[in-house]
Amino acid sequence: MSGAERYYGLAVLVLVLAALPLALPNAYYYDIAIRVLINAVVAIGLNLLIGYAGQISLGHAGFFGIGAYSSAILTSHFGWRPGLALVAGAAATALIAFAVARPILRLRGHYLAMATLGLGIIISIVILNEARYTGGPDGMAVPPFALLGWQLVGERLWYWTMAPLLVLVTWGALNLIDAPAGRALQAIHGSEIAARVAGVHTSRLKTRIFVLSAAITSMMGSLMAHYLGFITPDVAGFFHSIELVTMVVLGGMASVFGSIVGAAILTLLPQLLATFEGWETVAFGLILVLTMIFMPRGLVPSLRLWLLRT
Amino acid sequence: MLAEFIQFLFSGITIGSIYALAALGFGIIYNASGVINFAQGEFIMLGGMSAVVLTAAGLPLPLAILVAVAVVAVVGLLLEKLAIEPARNADIVALIIITIGVSLVLRGLVQVLFGKNTRALPAFSGEQALHLLGATILPQSLWVLGTTVVIVAALAWFFGRTRFGKGMLATSYNRLAAQLVGINTRRILLAAFGLSAVLGAVGGILITPITYTSYDAGIMLGLKGFVAATVGGLGSGVGAIVGGLLLGITEAMTAGYVSSAYKDAVAFVLILLVLFFMPRGLFGAKVSERV
C-alpha cells in the first residue's frame with residue numbers, strides 16, 4: 001500500500017467513524033458499533049501476527065479472556081482501580097505470551113496451530129474451573145470502567161472513547177508495517193530462512209509481535225468486560241478464537257483496513273442471524289470455506305485489486 | 001488400590017482407543033495431502049449421532065451402524081471434493097481454516113436438524129458389568145477394544161499388502177514420484193478422506209453408548225485425536241496408536257487421582273510439553289524445510 005493510499009484510507013476511516021453516530025438511531029445500534037470497534041482493534045492486533053508475520057494463532061481468545069477476567073476479578077474481588085487492573089491484565093498476558101513464545105513460535109504450520117490452540121483451551125479450562133474467583137460457567141459481573149475519577153458509562157461515551165482508539169491503533173499498525181520491523185516481518189512471512197539469511201533476527205521479531213498482539217487482545221478483553229458489565233467463560237473459548245481468526249481472514253490477511261471490515265461483518269452477522277437459531281454456526285463455516293476457496297486474499301485486498309484493474 | 005488402578009487403566013484404554021482411531025484418521029489424511037483435517041472430530045460426532053437418529057427411527061442396531069458409517073464416509077468424500085480439491089494450491093493456514101469452516105458447517109447442521117440435546121445409543125451387548133480383579137468393566141469397553149484391534153490389523157494389512165494401500169504410502173513419501181509411476185494421486189486423496197471418515201465414524205459409534213453424544217461432542221474428541229496424533233508423531237501409524245492410548249491413560253489417571261475438573265486440560269498440557277521438547281512427536285520423521 002502506497003503512502004498516499006494509506007492516508008486516504010485513514011481519512012475515510014475517520015470520516016466514517018465521525019459520521020456514523022448521525023446514522024445510529026438508538027442505543028441498540030450504538031451497542032453494536034462499540035462491539036465492532038473493540039473487535040476491530042483485536043482483529044488488527046491478530047492480523048499483525050497472522051497476516052504480516054504469517055504465524056497462525058488459534059488461541060487468541062485465551063488472551064482476551066485473561067484480560068477480561070483480570071479486570072473483572074481485580075476490580076470486583078480486590079477493589080483495584082479499573083485502569084490499573086487493565087494494565088495488570090495486559091502485563092500478565094504479555095508475560096505468558098513471552099514465556100511461551102520462544103518454544104511455540106519455533107513451530108510452524110499445524111504444530112503452531114495446535115500449540116496456540118492448546119494454550120487457549122488451557123486458559124479457558126482454568127477460567128471455567130476456578131469458580132471461586134470467576135463464577136465458573138455462570139460468569140461474573142464487572143463494575144464500570146473509570147479513570148482518574150471519570151466514569152465511562154453510557155453508549156455514547158463508549159463510542160467516542162473507542163472510535164479515536166481504533167483510529168490510533170490503525171495508524172500505529174500502518175506505521176509499524178512500513179517501518180523496518182514491519183518489512184522484516186513480511187520477509188518472515190515470505191520465507192523465514194531467507195529472512196534470516198538477509199539478517200533479520202527472526203525469533204526475536206516473532207516473539208515481539210506475538211507479545212504485542214497478545215497484549216492488545218488482553219486490553220480489549222478488559223475493555224469489553226467493563227463495557228458489557230458481565231462476562232462468561234465463552235469469551236476465552238475455542239469458538240471465540242475461531243471468530244477472531246475469521247475476522248482477519250475474511251477482511252483480508254495483511255490488510256489493516258480489512259480487519260476492520262472483517263470485524264464489522266462478523267459482529268453484525270450474529271445480530272442478523274439471531275432469528276435463525278443454529279444457522280449462524282453454519283453461516284460462519286460457509287463464510288470461512290467460501291472465502292478461502294474463492295477469495296483467498298480476503299475482501300478488502302480482492303476489492304482493491306479489482307478496483308485497480310478497472 | 002489395585003482394583004482402583006485397573007479401573008482407571010481400563011477406562012483410559014477404552015477412551016484412548018477412540019483417540020487412536022481419530023489420530024489414525026488425522027494421519028491418513030495428513031500423509032495423503034499434507035492437510036490437517038480439523039473436521040475429523042465432526043466425523044466422530046456424526047457417526048454417533050447418525051446411529052442414534054437411525055435407531056430412534058426404528059432401524060435395528062447393526063443396520064443403523066452400517067448406514068451411519070456409510071453416511072459419514074459420503075460426508076468425508078464430499079468434504080474432499082467440495083472444499084479441499086477446489087483449494088488445492090492454497091497454503092497451510094488457508095487449508096486449516098477451510099477444514100475448521102467445514103467442521104462449523106457440520107456441527108451447525110446437526111444442531112439445526114437434531115437439536116442441542118445429549119443423545120444416547122444402547123450398548124451393543126447389554127449393560128451387565130463384568131468383574132476383573134475387583135474392577136468393573138462395561139461390555140461396551142470390550143467392543144471398543146476388540147473393534148479397534150480388528151481395525152488396526154486391517155489397516156496394517158491394507159497398507160502393507162494391497163496395491164492401493166501401498167500406492168497411498170508411496171504418495172505420502174513423494175507425491176510427484178508416485179504420479180510418475182502411474183499412481184492416481186487424486187483418487188488416493190479422495191480415498192484418504194473416505195477412510196478417515198470411516199475411522200472417525202466407527203470410533204464415534206463405539207463410544208456413544210458409554211459417553212453419549214451431542215452436536216458439540218466432536219470438538220473435544222477431534223482436538224484430542226489431533227493431540228494424540230501429534231504426540232505420536234504426525235503421519236506415523238504406530239505413533240497414532242501409542243499417542244492415543246498414552247493420552248487416554250494419562251487422562252483417566254489424572255481424573256482418578258488428581259482432579260476430574262482438569263481432566264480435559266491434560267491433553268493440552270501434554271501437547272505443549274511434547275511440542276516444546278520434541279516437536280516431531282515420539283515417532284515422527286525428521287523433516288527439513290526447503291527454502
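Predicted model: local features only at pLDDT ≥ 70, side-chain atom pairs only at ≥ 80, totals over all residues.
Let me begin with one helix, H7 of chain A, in which the buried residues are A:Trp158, A:Met162, A:Ala163, A:Leu166, A:Val169, A:Thr170, A:Ala173, A:Leu174 and A:Ile177; buried here is said of a residue with 20 or more other C-beta atoms within 10 Å of its own, exposed of one with 12 or fewer, and partly exposed of one in between, with C-beta atoms placed from the backbone. Helices (H or I, at least four residues) and strands (E, at least two) are DSSP runs, numbered from the N terminus.

Residues are numbered from 1 along each chain as its sequence is written, and chains are lettered from A and ligands numbered from 1 in the order in which they are written.

Staying with H7(A), which runs over residues 155-178, its 24 residues should span 34 Å at 1.5 Å a residue, and its end C-alpha atoms are 35 Å apart, which agrees; the expected span is 1.5 Å times one less than the number of residues. Helix H3 of chain A, residues 60-76, has 17 residues and reaches 24 Å from its first C-alpha to its last, close to the 24 Å expected. Because 16 of those 17 residues are buried, H3(A) is largely enclosed by the rest of the structure.

Taking chain A as a whole, its secondary structure comes to 14 helices and four strands. Its radius of gyration is 19 Å, close to the 19 Å that the globule rule gives for 310 residues, so chain A is as compact as a globular protein of that length; the radius is taken over C-alpha atoms, and the rule is 2.2 Å times the number of residues to the power 0.38. Of the 310 residues of chain A, 50% count as buried, and its C-alpha atoms fill a box of roughly 50 × 45 × 40 Å, taken along the principal axes.

Chain B, for its part, has eleven helices and two strands, and along the sequence these follow the pattern α-α-α-α-β-β-α-α-α-α-α-α-α. Of its 291 residues, 50% count as buried, and the box filled by its C-alpha atoms is roughly 60 × 45 × 35 Å along the principal axes.

Within chain B, helix H3 (residues 61-84) and helix H8 (residues 185-211) pack at an angle of about 145°, with their axes 8 Å apart; axes are lines fitted to C-alpha atoms, for helices over the stretch in contact, and angles run from 0 to 180 degrees between N-to-C directions. The residues of this contact divide into 16 nonpolar, four polar and one charged, where Ala, Val, Leu, Ile, Met, Phe, Trp, Tyr, Cys and Pro count as nonpolar, Asp, Glu, Lys and Arg as charged, and the others, Gly among them, as polar.

How many residues does each chain bring to the contact? Chain A gives 34 residues and chain B gives 36, two residues being in contact if their C-beta atoms, placed from the backbone, lie within 7 Å. On the side of chain A that touches chain B, the elements that give two or more residues are helices H5 (109-129), H9 (192-197), H11 (238-251) and H13 (279-294), and H5(A) gives the most, with twelve residues. By class, that side of chain A has 26 nonpolar, eight polar and no charged residues.
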